Amino acid sequence: MTVSDKVLDLIGEVQGMLELDELIDGLLVAIQRNVPSDYVSLNDIGPDTDRVISVVTPQPPEHLYRLFGEFAFQNPLMSRYMQTLDGRPYRFSDVTTPPELHQLELYQQVYAPMRVEHQMAFTLPATPGRVIAIALSRCERDFTDADREVIERARPYLIQAWRNAIDHTALRDELAARPLGPTDLDGTAVEALRGRGLTERRAQVLAQVARGRSNRDVGAILGISDRTVQKHLEHCYRVLDLQGRSAAAEFVWALLAEAGTNGAGNGGGPVRRGLDGRPGAVPGAAEPKLPAT
């Protein structure tokens, strides 16, 4: 496969993965397929040295997670990023020499037992003080310029997929936490949506969707078919200039907030937690799997 073929395959694999856990697993698999590596990991590090969470495929021995959490900040690629804030892909060979690498406790305690000699890493968006990085590791041969080009060209699209998944997953969880039974919010939402140009029925459909219900559930509640629900939604998206289901849900809760309705104790609008809602690893350790948002 050419570099362009690999970039397209990598981007195509992750586009449309809106669940954060699905994206994490799918992203690591897609990277490993297009830039073959002995290990691929997603690491969420900081804002202090006691908070390190890591997902690694294939999984190394469990005790190495704790050691990685202890020495992660020694990684030369991490040091370079903290100094420059340049999140593009770089290799060990770009920033250090083998003798310098071998002197590190991180190498002696973690990479040597895994036989890792070469690594390439790049970052994804994170809140200040934290680093979210994808690391590709090899035991025998260094990453080529072509390997680096695949990641560099795909990275802007991976960043967008990452942001989409964080937003979608946070919104899904917040909507799922809202009560599903009939409430006065439905009537308030319908009234507000009619004021934005929707018919009664279309406003009812959108109000139900904003509460996290599927097309099938909405159809059962309103006595219409799934297909009719979808057609109503498509009309709502056009009238309100919305990009899809998540944007529509946010729009409805924003209307409720404007109306002064406290939909779930948070002013009616979803609070964006993203990865900030994830608990950290135990002090001085790393976990083998990111907890679900």
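Tutor: Let us start with a term: a cavity is a set of grid points where a 1.4 Å probe fits but cannot get out, and its lining residues are those with an atom within 4 Å of a point. The model before you is predicted, and every value below is computed from it.

Student: How many cavities of 30 Å³ or more does the structure hold, and which residues lie nearest the centre of the largest cavity?

Tutor: Rolling a probe the size of a water molecule over the atoms shows where empty space is left. Here the structure holds 2 cavities of 30 Å³ or more, and the largest cavity contains about 400 Å³ of space. Its lining is made of 32 residues, and those nearest the centre are N43, N75, Y111, Q119 and A135. Two or more lining residues come from each of β1 (39–45), β2, α3 (63–71), α4 (76–84), α7 (105–114), β4 (118–124) and β5 (131–138).

Student: Which element gives the most to the lining of the largest cavity, and how do the lining residues divide into nonpolar, polar and charged?

Tutor: The element that gives the most is β1, with 5 residues. By residue class, the lining of the largest cavity divides into 21 nonpolar, 8 polar and 3 charged residues.

Student: Is I53 buried or exposed, and in which strand is I53 found?

Tutor: I53 counts as buried because its relative accessibility is 0%, and the cut-off for that term is under 20%. The residue is found in strand β2, residues 51–57. I53 and Y65 are 12 residues apart in sequence, and their C-alpha atoms are 8.6 Å apart in space. For the protein as a whole, buried residues make up 48% of the 293 residues.

Student: What should I look for in the backbone?

Tutor: Most residues other than glycine have a negative phi, and most peptide bonds are trans. In this model a cis peptide bond joins T57 and P58, with omega at about -10 degrees, and P58 is found in the loop between β2 and α3. R115, which is not a glycine, has a positive phi near 65 degrees and lies in the loop between α7 and β4. D241, also not a glycine, has a positive phi of about 55 degrees; the residue is found in the loop between α12 (226–240) and α13 (245–258), and counts as exposed because its relative accessibility is 62%.

Student: Finally, how many disulfides are there?

Tutor: A disulfide is a covalent bond between the sulfur atoms of two cysteines. The count for this model, with a cut-off of 2.5 Å between the sulfur atoms, comes to 0 disulfides. As for individual cysteines, C139 is buried, with a relative accessible area of 13%, and C236 is buried, at 0%.

How values were computed: Residues numbered from 1 in each chain as written. Predicted model: local features only at pLDDT ≥ 70, side-chain atom pairs only at ≥ 80, totals over all residues. Heavy atoms only, no water. Buried < 20%, exposed > 50% of the residue type's maximum accessible area, 1.4 Å probe, protein only. Helix = DSSP H or I, 4+ residues; strand = E, 2+ residues; numbered from the N terminus. 1 Å grid on protein atoms, 1.4 Å probe; cavity = no way out; pocket = protein on both sides within 12 Å on 5 of 7 lines; lining within 4 Å. Points joined across faces, edges and corners; volume = space filled by probe spheres on them. Nonpolar A, V, L, I, M, F, W, Y, C, P; charged D, E, K, R; others polar.
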